[in-house]
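Please examine the sequence and the model shown below before reading the report. The text is intended to be read beside them.

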Amino acid sequence: MRPISYLRAEDIDGAVRTVTADPDTHFLAGGTTEVDLLRQGVLTPRRLVDINRLQLAGIEALPEGGVRIGALARMSDVAADPAVRERFPLVSRALVLGASAQLRHMASMGGNMLQKVRCGYYRDGESACNKRRPGSGCAALGGISRTHAVLGTSEHCIATHPSDVAVALVALDARIHTRTSGGERVHDIDGFFLEPGDTPDREHPLEHGELITAIELPPLPLARHSSYLKVRDRESYEFALVSVAAAISVESGVISGVRLALGGIGTRPWRARRAEELLLGAPATPENFARAAREELSAARTTAMNAFKPELARRTLVRALETLTRDGDRR
Ligand SMILES: Cc1cc2nc3c(=O)[nH]c(=O)nc-3n(C[C@H](O)[C@H](O)[C@H](O)COP(=O)(O)OP(=O)(O)OC[C@H]3O[C@@H](n4cnc5c(N)ncnc54)[C@H](O)[C@@H]3O)c2cc1C
């Protein structure tokens, strides 16, 4: 058995200082990822710094129409927050459709951003996995890959990014606020989730010891009319095979604004920029939705086991847009 020490942080600077000083010290929030993987020997910290007493759980409706969500706000509290539900229903829906009620009460938003992939070869702690042990290979490439990614993959890793709410946040151009020993930083979400490329072990741009303090949703009026549609093997307590975060405005039958992102199919939450480009200014018709979905998925690279995913993603994207525009104009 490996001994682990535990420290409860009382202030942000102290927490950041302690973790920054030691590569084997990790932050502990809800523990629903960290403790799972620690038990399986996948993560091997020798010290945990519990951040749950830090004053980072607030959810604030900003005057211009955005929302600032503290990193320690629980998934269930964010999902139920009136401002989030009114201004960004896709965020609330993505959270409600994730994990289970018990997990959502424990799991924090900051921890959600940094949760680890669900690839069985990563999580068994033994198989070849370039993410867990760089240079060891990728057992998923020739192995069981039904749930793996078809966009943003590399010859070194095809693990799917697992977070639901991150898909909604990518569609909204959220900003991640952090604290380092050198001060405060803000990361655009566009560059936050890294594709594996040649370095699958590098999943985000944070330094060791950099603490997520908040997630900011900038004002976006069209997000009031938005949804998160998740397709999975069973109706609850399951990760996405495919998901779609969508927000759209339509005036006189023409799309005047659109935000789209896909989950379950990419090595990062996938902003569907090509589809957005095609749809903006186009009539809101099923044919245009289908064309945009086709174009977005045209770069998909599948394995024998996950070859069904591009078609499932196309259909899910079309269904999300059809449902949102069913009642005609939306501003
Ligand atoms: C059975 C099961 C089913 C699940 N299903 C889903 C699902 O359907 N959809 C979905 O999206 N998620 C799902 N999850 C994942 C779950 O949402 C994450 O485990 C959770 O959000 C992590 O948050 P946490 O507070 O528990 O993080 P922790 O486990 O405490 O931390 C996770 C990682 O983030 C680091 N960390 C935590 N907070 C911070 C911070 N503020 N700054 C910097 N680093 C930090 C920790 O050091 C650790 O490395 C599931 C999890 C389980 C166990």
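The report below treats the ligand and its surroundings, an annotated domain, the cysteines and some individual residues.

This is a predicted model, in which local features need pLDDT of at least 70 and side-chain atom pairs count only at pLDDT 80 or more, while totals for chains, interfaces and linings use all residues. Residues are numbered from 1 along each chain as its sequence is written, and side-chain values use heavy atoms, with hydrogens and water left out.

**The ligand and its surroundings**

The ligand is surrounded by 33 residues, of which the closest are F27, T32, T33, S108 and D164.

| Residue | Part of the residue | Distance to a ligand oxygen atom |
|---|---|---|
| G30 | polar backbone atom | 2.8 Å |
| K230 | N or O atom in the side chain | 3.2 Å |
| E238 | polar backbone atom | 3.5 Å |

Taken alone, the ligand exposes 980 Å², and the protein buries 94% of that area. Such accessible areas come from the Shrake-Rupley method with a 1.4 Å probe.

Which elements give two or more residues to the shell around the ligand? They are β2 (25-28), α2 (34-39), α7 (109-113) and β8 (211-217). Helix α7 gives the most, with three residues. Helices (H or I, at least four residues) and strands (E, at least two) are DSSP runs, numbered from the N terminus.

**The annotated domain**

An unreviewed UniProt entry lists residues 1-222 as "domain: FAD-binding PCMH-type". In the model, the span 1-222 is 26% helix and 17% strand, and its end C-alpha atoms lie 53 Å apart.

**The cysteines**

A disulfide is a covalent bond between the sulfur atoms of two cysteines. How many disulfides does the structure hold? It holds zero, where a disulfide is a pair of cysteine sulfur atoms within 2.5 Å. For C119, the closest cysteine sulfur is that of C129, and the separation of 6.0 Å is too far for a bond. For C138, the closest cysteine sulfur belongs to C157, and 5.7 Å is likewise too far for a bond.

C119 counts as buried because its relative accessibility is 11%, and C138 counts as buried at 19%. Buried means under 20% relative accessible area, exposed over 50%, and partly exposed in between.

**Individual residues**

D173 has a phi near 55°, a positive value in a residue other than glycine. This residue lies in the loop between α9 (165-171) and β6 (175-180) and is partly exposed, with a relative accessible area of 28%.

Y237, also a residue other than glycine, has a positive phi near 55°. Y237 is placed in the loop between β9 (226-231) and β10 (242-251). Its relative accessible area is 47%, so Y237 is partly exposed.

The C-alpha atom of A246 is separated by 25 Å from that of V186, a residue 60 residues apart from A246 along the chain.

Methods. A residue is near a molecule or strand if one of its heavy atoms lies within 4 Å of it. A polar contact is a pair of N or O atoms within 3.5 Å; within protein, one must be able to donate a hydrogen and the other to accept it, and residues adjacent in sequence count only if both atoms are side-chain atoms. UniProt positions are given in the numbering used here, feature names are shortened, and annotations may be inferred rather than shown by experiment. Buried means under 20% relative accessible area, exposed over 50%, partly exposed in between (1.4 Å probe, protein chains only).
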